[in-house]
Amino acid sequence: MPPDRVHFFDTTLRDGEQSPGCSMTQHEKLQMAHALADLGVDILEAGFAISSDGDFAAIDTIAREVRGPVIASLARAKRGDIERAAQALERAEKSRIHIFLASSDLHLQYKLKISREEALEQTAASVALACTLADEVEFSPEDSTRTDPEFLCKIVSAAIESGATVVNLPDTVGYATPSDYAGMFRMIRERVPGTDRVILSAHTHDDLGLAVANSLAAIEAGARQVECTINGIGERAGNAAVEEIAAALHVRGDRYPMENRLNLSKMYSVSQLLAQMISFAPSPNKAVVGDNAFAHEAGIHQHGVLSNPLTYEIMTPSVFGIPANRLVLGKHSGRHALRSRLIELGYNLSAADLDIAYRAFTELADRKKAIYDQDLINLVAHHQRHEDLIHEEPAEKIK
Ligand code: KIV
Ligand code: ZN
C-alpha cells in the first residue's frame with residue numbers, strides 16, 4: 001500500500017498572483033516556479049491559460065522548463081478554456097487541467113445564469129474533454145461551502161464518473177468553520193460513490209482567519225491534497241499559507257501522521273524570494289516566516305530560550321532554513337539576553353560591569369522602540385570612556 005501522503009498543490013502563481021500587489025513578470029514566475037520545484041511541491045498551478053497571453057506564456061515556459069511537480073492550468077468548464085490550457089501544458093513532464101464551475105445557487109443564478117441541470121451537463125462534458133487532453137484532471141465545484149449538499153454530491157459524482165481523479169472542494173469565500181469544512185469532506189466521502197478512487201482536495205481562503213485551520217480539518221476528514229500559497233498571498237484576505245500547513249504537519253505529526261514531500265529547509269528562502277518580487281513582505285508577526293516568528297523580547301522568554309529554545313519555541317527555525325532565533329533587545333529584555341548579545345558582539349563584561357551596562361540599557365530602551373547592535377556598542381564604548389565600567393577586571397574585548 002502506498003504511504004499515506006498529503007500532496008501540496010501550490011497556487012502562488014495563479015490564485016496568489018491574481019490578488020492586488022502580487023503580479024509578477026514572466027521571468028519572475030519562472031524563477032518562482034523553479035524555487036517551488038526545489039521546495040518539493042507536488043503540483044504547481046502556473047496560471048489560468050485563457051485569461052491572458054501573459055498567463056499562457058508563463059504556463060508554457062514553466063511547462064517546458066520546470067521538472068518535478070505536475071504543472072497545472074486553471075480552466076472554466078468551457079471547450080475554449082480547456083483547449084487553451086492543454087496547449088499551454090503541451091510540453092509539461094506531467095500535466096493537469098484544473099476545471100472549475102460554480103455550484104452554489106447564488107453563483108449559478110446571479111453569475112453564470114444557468115440551471116443546476118446545465119451545470120451538471122457542463123461538468124460531465126468538460127471533464128470528459130479534459131481527460132483526452134491532459135495527464136490528470138481536477139474538478140472544483142466553486143463555492144462548495146455554500147452549495148446545497150444534495151447538489152454538491154451530484155456535481156462531484158458527475159465529475160468522478162466523467163474521469164476526474166482529483167476533486168477539490170473550495171471554500172471560495174472563506175465562509176466555513178473547521179467543523180463545517182471537515183463535515184463536508186466526510187459527507188462527500190460517505191455519500192458519493194468512487195471517492196475512494198480520487199484524491200479529495202482542500203482549497204481555503206482566509207476571510208475569517210480560518211484558512212489553515214480549515215485545511216487541517218479537511219486533512220483530518222480525509223483530504224489528501226491542500227491548495228495553498230507561499231506567504232498566504234491570494235484573493236482578499238489570502239489563501240492558506242504553505243509554510244503554516246507544512247509547519248503544522250511537521251510539529252503535530254502526532255495528529256497528522258502522514259508524509260509529504262516538502263523540503264522544509266527551502267521554505268524561508270522561497271518566502272523571501274516571493275517577498276522581493278511582489279510589493280509586500282509577510283507581516284512581522286506572520287507564523288513561520290514573519291520577522292518576529294522566532295524573535296523574543298520579554299526577559300523571561302529570552303532567558304528560557306537561551307537555556308533551551310524549546311521553552312518558548314515549538315519548532316526550530318533552522319528546520320525551515322531560517323538563520324536562528326532572534327533575541328530582540330527592548331525594554332522587556334533582561335540581563336541574560338543583554339549579556340548574550342554583548343558576548344556575540346565581543347564584550348564579555350564582569351557581573352558588576354554588566355549591572356552598570358544593564359542600567360544604561362534600560363534607560364535607553366525606555367526612550368527607543370528597538371535597540372540595535374550599534375546602540376549597544378556605543379553604550380559600552382561610552383561607559384568605558386567615562387570609566388563607569390571600572391572594576392579590577394576591565395571589560396574584556398574578546399574579538
Ligand atoms: O477559491 C476558489 O474557488 C478558486 C477556484 C478556482 C478553485 O480559486
Ligand atoms: Zn481560490
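Which residue takes a positive phi just after α13? Select G346: its phi is about 105°. Keep that spot in view; the tour returns to it.

**Before you start**

This is a predicted model, where local features need pLDDT of at least 70, side-chain atom pairs count only at pLDDT 80 or more, and totals for chains, interfaces and linings use all residues. Residues are numbered from 1 along each chain as its sequence is written, chains are lettered from A and ligands numbered from 1 in the order in which they are written, and side-chain values use heavy atoms, with hydrogens and water left out.

**Whole chain**

Show the cartoon. The protein chain has 15 helices and 12 strands. These are DSSP runs numbered from the N terminus: helices are H or I with at least four residues, strands E with at least two. The C-alpha atoms fill a box of roughly 90 × 45 × 40 Å along the principal axes. Of the 399 residues, 55% count as buried, meaning under 20% relative accessible area with a 1.4 Å probe, protein chains only.

**Colour by confidence**

pLDDT is the predictor's confidence in each residue, from 0 to 100. The chain averages 93, and 96% of the residues score at least 70. Select strand β1 (residues 7-10): its mean pLDDT, 99, is the highest among the elements. Strand β12 (residues 396-397) has the lowest, 42. Now select residues 390-399. Here the pLDDT is below 50, yet the stretch has 21 contacts beyond near neighbours in sequence. A contact means heavy atoms within 4.5 Å.

**Zinc site**

Select ligand 2, the zinc ion. D15 (OD), H203 (NE2) and H205 (NE2) coordinate the ion at 2.0 to 2.2 Å. Donors are N, O and S atoms within 2.8 Å of the metal (3.2 Å for Na, K and Ca); water is not among the atoms, so sites may look incomplete. D15 lies in helix α1 (residues 12-16) and H205 in the loop between β7 (199-204) and α9 (211-220), so the pair ties together parts 190 residues apart in sequence. Both D15 and H205 are buried.

**Helix α10**

Select residues 242-251. Seven of the 10 residues in α10 are buried: V242, E243, I245, A246, A247, A248 and L249. What do they pack against? Show β1, α2 (26-39), α9, β8 (225-228) and α11 (267-277) to see the partners.

**Back to α13**

Finish on residues 335-345. The buried residues of helix α13 are A337, L338, S340, R341, L342 and L345. Step just past the helix and you are back at G346, with its positive phi.

Definitions and conventions. Buried means under 20% relative accessible area, exposed over 50%, partly exposed in between (1.4 Å probe, protein chains only).
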